[in-house]
Amino acid sequence: MASQAQTQVGIIGAGPAGLLLARLLRMHGIDSVILEQRDRAYVEGRVRAGVLEQGTASLLEEAGVAARLKREGLVHEGIEIVARDRHLRIDFRDLTGKAVVVYGQTEVTKDLIAARLAGDGPIVWNAADVAVHDIDGEQPTLTYRSDGRDHLLVCDFVAGCDGFHGVSRQSIPAQALQSFERVYPFGWLGILAEVPPCSHELIYARHERGFSLASMRSPTRSRYYIQCAVDEDLSAWPDARIWDELKLRLGPAAAAGMTTGPSIEKSVAPLRSFVAMPMRFGRLFLAGDAAHIVPPTGAKGLNLAASDVHYLSRALIAFYKKGQADALERYSESALARVWKAERFSWWMTTMLHKLHDESSFEAQMQLAELDYLASSRAAQTALAENYVGLPY
Ligand code: APR
Ligand code: PHB
């Protein structure tokens with residue numbers, strides 16, 4: 001016999017979307033239960049990106065989980081774009097008055113989990129076979145197995161924050177969902193190393209050998225990426241070869257400032273653009289990677305999850321506190337308006353900076369002309385900057 005419980009919002013997934021939503025709801029006295037299929041160590045151990053828009057940093061502050069972010073986060077007022085040994089600095093502060101904060105998604109997740117477990121409410125770790133029922137009814141339910149027992153959770157609403165491969169989106173009838181996808185014919189080989197970064201700002205480099213990115217987690221920990229084949233064989237990439245390739249692609253200035261060392265994490269990630277519409281079906285609301293994926297070139301993944309949670313939390317709070325359902329009705333439309341702009345920006349950065357065609361092709365000349373225009377136009381630089389620091393909610 002399944003044990004039965006009740007909550008206001010059933011949240012599937014303890015990633016940044018689910019955790020931040022739960023936190024903002026708790027601050028307004030709204031209950032939730034988070035069902036997570038993995039354990040805490042796994043969720044806190046995942047290496048992910050780490051550039052926060054000002055809006056995301058403010059939302060984390062509003063959620064009362066920004067103390068460490070403010071202490072350890074690195075405020076970046078610009079990025080560098082390198083192509084054919086030409087360095088172009090995009091000065092966010094001058095062009096938009098704003099900046100971004102470099103602070104690992106892993107750290108954001110740890111801060112949110114710590115706040116949750118400090119009394120906000122339960123996280124059911126290792127929740128197996130989570131299934132969603134009656135989302136087109138008045139009282140959706142979630143069933144799952146935990147500690148060898150069946151459980152039933154009765155909810156007012158379900159928030160599907162379970163990522164791209166989660167169960168939420170799949171529980172929406174196919175005929176009610178439209179999806180759009182672009183899978184890129186390359187991946188990113190990423191390394192993490194306990195060495196100081198080669199530059200105090202991120203460097204995005206276009207090179208005839210392929211894209212590369214110099215990023216960081218702290219003044220002593222660096223994160224680098226190089227464009228590679230989707231099915232690249234990691235064993236063919238010993239650290240020394242990666243450092244040599246980074247020096248080639250990032251250029252002599254970065255190479256001169258580069259400290260090399262053993263990698264503490266090394267992996268290949270595919271690149272994909274994906275959007276599912278609508279982001280709501282009945283009483284099920286999708287947020288984050290459950291509804292959309294961006295290639296990492298625009299650093300938008302985590303920020304879009306926060307953006308969805310901005311809209312969804314306000315809509316649920318208005319429903320519970322003021323009995324107003326109109327924001328819930330508009331949730332999908334509001335969230336998607338910002339999602340599509342971030343999808344466009346991430347696709348644009350990806351197609352401008354990655355090796356897609358032979359260097360002698362017309363397309364490659366278009367990339368170089370795009371970069372030349374960028375270097376010569378304050379308007380173009382402002383467009384890039386305002387998208388990178390985050391468009392208004
Ligand atoms: N049942 C329960 N939990 C699930 C299920 C399921 N069937 N499927 C997935 N999950 C959990 C995953 O284990 C993961 O912890 O849902 C969580 C989803 O978290 P994320 O993938 O981090 O997604 P999201 O919170 O939307 O954050 C988006 O993560 O992948 C990055 O680039 C992305 O930065 C973006 C951010
Ligand atoms: C990262 O630090 O991992 C990172 C930064 C910027 C990106 C992608 C990844 O665009």
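Colleague: Why is Asp 147 called exposed in this predicted model?

Modeller: Its relative accessibility is 77%, and exposed means over 50%. So 77% puts Asp 147 in the exposed class.

Colleague: And where does Asp 147 sit?

Modeller: In the loop between E11 and strand E12 (149-154). Asp 147 also has a positive phi of about 50 degrees, although it is not a glycine.

Colleague: What makes a positive phi worth a remark?

Modeller: Most residues other than glycine have a negative phi.

Colleague: Which loop holds Asp 134?

Modeller: The one between strand E10 (128-133) and strand E11 (141-146). Phi of Asp 134 is near 50 degrees, again a positive value in a residue other than glycine.

Colleague: Why is Asp 134 called partly exposed?

Modeller: Exposed needs over 50% and buried needs under 20%. The relative accessible area of Asp 134 is 47%, so Asp 134 falls in between and counts as partly exposed.

Colleague: How do you know which way the peptide bond from Met 277 to Pro 278 goes, cis or trans?

Modeller: Omega is near -10 degrees there, and the bond is cis. Most peptide bonds are trans. As for its place, Pro 278 lies in the loop between strand E18 (263-277) and strand E19 (280-281).

Colleague: How much of ligand 1 does the protein cover?

Modeller: 88% of the 710 Å² of accessible area that ligand 1 has on its own. Helix H1 (16-26) and helix H9 (301-322) are the elements that give two or more residues to the shell. The largest share, three residues, comes from H9.

Colleague: How many residues surround ligand 1, and which are closest?

Modeller: There are 24, with Glu 36, Arg 48, Gln 105, Asp 289 and Leu 302 the closest. By type, the shell divides into ten nonpolar, eight polar and six charged residues.

Key. Residues numbered from 1 in each chain as written. Chains lettered and ligands numbered in written order. Predicted model: local features only at pLDDT ≥ 70, side-chain atom pairs only at ≥ 80, totals over all residues. Heavy atoms only, no water. Near = heavy atom within 4 Å. Areas by Shrake-Rupley, 256 points an atom, 1.4 Å probe, with all protein chains shown as cover. Helix = DSSP H or I, 4+ residues; strand = E, 2+ residues; numbered from the N terminus. Nonpolar A, V, L, I, M, F, W, Y, C, P; charged D, E, K, R; others polar. Buried < 20%, exposed > 50% of the residue type's maximum accessible area, 1.4 Å probe, protein only.
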